[in-house]
Amino acid sequence: MKQFWDPEDSRTLRAALDRIVPADDYPSASELGCDAFIQGLIEQDRELGLVYRTGLRLLRDRRFADLTVPERDEILLEMESHPFVQLLIRQTIEGYYSDPGNGGNRDGRSWEMVGFEVRG
C-alpha cells in the first residue's frame, strides 16, 4: 500500500483520529487501524485524498499533533462544521466499526466492545 501523505500528515491524522475515538478500556481509532481504513478509501478515490491532504495541512499549520489533548479538542470543536472535519468524523466511525477486512477494526475489537460475536 503506497502512502498517500507524508509522515507528518500521518502523525497528524492519527492524533485527530484518537481525539474522535480515544483509548479507554478499548483501543483508540488509530490503534484499530482507522488510518489504514482511510488510506484504503483514498486509494479508491484520489479526490478524497486531496480533501484529506488539504484538511490535514490545516491541522498541521496549527501544529495539531504537538498540542495537548485539550488544545486538540478545542481545534476540532472550532473546526467542527468544516467539511474535512465532518468527513473525518464520519469515516473514523466507519473504520472503527467496519469489517476488519476493510482495514479498520483490527481483530474485530470494536465488535467485541459492543458485544457482537463472530461465529465461524
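**Nonpolar core and overall architecture**

Of the 26 residues in the largest nonpolar core of this predicted model, L13, I38, Y52 and L88 touch the most other members; such a core is a set of buried Ala, Val, Leu, Ile, Met, Phe, Trp, Tyr and Cys residues joined through side-chain atoms within 4.5 Å. Two or more residues each are given to this core by α1 (7-20), α2 (34-44), α3 (46-61), α4 (69-78) and α5 (83-97). The most is contributed by α5, with 5 residues. Apart from neighbours within four places in sequence, L13 is in contact (heavy atoms within 4.5 Å) with W5, D35, I38, Y52, L56 and L88. In soluble globular proteins, nonpolar side chains tend to be buried together.

The model is predicted, with local features requiring pLDDT of at least 70 and side-chain atom pairs pLDDT 80 or more, whereas totals for chains, interfaces and linings use all residues. Residues are numbered from 1 along each chain as its sequence is written, and side-chain values use heavy atoms, with hydrogens and water left out.

The secondary structure comprises 6 helices and 0 strands (DSSP runs, numbered from the N terminus: helices are H or I of at least four residues, strands E of at least two). Along the principal axes, the C-alpha trace spans about 45 × 30 × 25 Å. Of the 120 residues, 40% count as buried (under 20% relative accessible area, 1.4 Å probe, protein chains only). Of the contacts with a separation of 6 or more, 65% are accounted for by residues 24 or more positions apart.

Technical notes:
Buried < 20%, exposed > 50% of the residue type's maximum accessible area, 1.4 Å probe, protein only.
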